[in-house]
Amino acid sequence: MKLGPNARFSTICLHAGQEPDPATGAIITPIYQTSTYVQEALGRHKGYEYARTQNPTRAALEGNLAAIESGKAAFAFASGMAAINAITSMLKSGDHVVVSDNVYGGTFRLFDKVLSHYDLSFSYIDTADLAATDRAFTPATRMLFVETPSNPIMRLTDLAGAATLAHRHGARLVVDNTFASPVIQRPLELGADMVVHSTTKYLNGHSDSVGGAVIATRDEDIEWLRFVQNAAGAILSPFDSWLVLRGTKTLPLRMAEHSANGLALATFLASHSKVKLVHYPGLPSHPQHDLAVRQMRGFGGMLSFDLGSLEAARRVLNGVRLMALAESLGGVETLISHPATMTHASVPADRRAALGITDGLVRISAGIENIEDLRDDLSQALDKV
Ligand SMILES: Cc1ncc(COP(=O)(O)O)c(C=O)c1O
């Protein structure tokens, strides 16, 4: 089983990082559920000494993710937040970071409530506006941290433009690619230096694992990430590594369905009389639709829509039967949520208002169910408004 140098994306997703198990020939990489490895003699071993440092199941996943994101190396962590924390461990006291203003609420919380204790500073900017982003850089800026599409308003950042900008200032561009997945966009190919994922979402794809990953291209970043993964120790477990590795085998198939259902639901909602506004980059009415067409291959399964009031949102959220009212996203089943009180509850109300996260906003992570069933469910829930 050898991947040719010109292997296509879906073949890479299926095979990269994996060889039949050398001990048995098992086609699927086993779950190496061990904490240590027996050494043949003092100083003689098979490259594995202790399982925080090296684990074959995790190594297979890391090889797979590096290939899928067009990076040089990947590192798997215990959660998306642990992965983001590992990246920020590259910063030193006094450094400054420019951040997309509507990043995931947990990312904002880490920066605002934890890392601010260490003499690091963060400026939250609408990175869709590259001129404003440029103005936010200071001589101390080391990193531009971008999420595109952003959660839950689906604002886009021009990644090629952001990479040029960051590099002009001698800073790294880090992209949280959780929402899009590497099927839809590959930031490293557009000039980004590091990509981060919550593998909890599309990469695993089955709502049964929490994990994260960083994919990097620069040797010095790779060296640091390898060091800090072991030194701080927030590693992904063998079983979770195995689950994500199984998930990426079907990633292109799943993303095609997520994208088709996302577009169909956005189109349905855009013409519904009870809906005030739909946020989905695949709709021609999206203010950055041209950029979406340029930068993304398909538009993904995430969308949000505004019903004008908390009461209307409550009726829809309580009225759905097939869609599950739950946080998270990227699983095969459709989830519906209320950002203001769920995913973004940790964002202060005035910031939420400035970002357009109104009390009437509802977010959907479109799953891969039959689209007629999803439309029927949403339609009967909207009838209750
Ligand atoms: C865009 C994004 N990044 C990072 C995270 C954090 O990932 P995790 O929950 O795996 O720690 C999330 C979680 O929802 C997310 O949506």
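This is a predicted model: local features need pLDDT of at least 70, side-chain atom pairs count only at pLDDT 80 or more; totals for chains, interfaces and linings use all residues.
The ligand is surrounded by S79, G80, M81, Y104, E147, D176, T178, S198, T200, K201, G211 and L329. Residues are numbered from 1 along each chain as its sequence is written, and side-chain values use heavy atoms, with hydrogens and water left out.

Look at the make-up of that shell. Three of its residues are nonpolar, six are polar and three are charged. Here Ala, Val, Leu, Ile, Met, Phe, Trp, Tyr, Cys and Pro count as nonpolar, Asp, Glu, Lys and Arg as charged, and the others, Gly among them, as polar.

Now the polar contacts. Such a contact is a pair of N or O atoms within 3.5 Å; within protein, one must be able to donate a hydrogen and the other to accept it, and residues adjacent in sequence count only if both atoms are side-chain atoms. The side chain of D176 places an N or O atom 2.6 Å from a ligand nitrogen. T200 has a polar side-chain atom 2.7 Å from a ligand oxygen. For K201, a polar side-chain atom lies 2.8 Å from an oxygen of the ligand. On its own, the ligand has 390 Å² of accessible area, and the protein covers 90% of that. Accessible areas come from the Shrake-Rupley method with a 1.4 Å probe; for residues, only the protein chains shown count as cover.

E147 belongs to the ligand shell, and E147 also lines the largest cavity. By class, the lining has three nonpolar, five polar and four charged residues. The volume is about 50 Å³. The structure holds one cavity of 30 Å³ or more. A cavity is a set of points, on a 1 Å grid over the protein atoms alone, where a 1.4 Å probe fits but cannot get out; lining residues have an atom within 4 Å of a point. Grid points are joined across faces, edges and corners, and a volume is the space filled by probe spheres set on the points.

Next, the loop between β4 (141-147) and α6 (159-168), where P149 sits. Helices (H or I, at least four residues) and strands (E, at least two) are DSSP runs, numbered from the N terminus. The T148 to P149 peptide bond is cis, with omega near -5°. P152 is in the loop between β4 and α6 too. A cis bond joins N151 to P152, with omega about 5°.

Two serines have positive phi. S70 is in the loop between α2 (56-68) and β1 (73-77), and its phi is near 60°. S70 is partly exposed, at 33% relative accessible area. Buried means under 20%, exposed over 50%, and partly exposed in between (1.4 Å probe, protein chains only). S181 lies in the loop between β5 (172-176) and β6 (194-198). Its phi is near 75°. S181 is buried, at 1% relative accessibility.

N55 is in the loop between α1 (9-15) and α2, and is buried at 4%. A polar side-chain atom of N55 lies 2.9 Å from the backbone oxygen of Y32. V228 lies in helix α7 (residues 219-232) and is buried at 10%. V228 and M90 are 138 residues apart in sequence, yet their C-alpha atoms are 9.1 Å apart.

Methods. A residue is near a molecule or strand if one of its heavy atoms lies within 4 Å of it. On a 1 Å grid over the protein atoms alone, a cavity is a set of points where a 1.4 Å probe fits but cannot get out, and a pocket is an open set with protein on both sides within 12 Å along at least five of seven lines; lining residues have an atom within 4 Å of a point.
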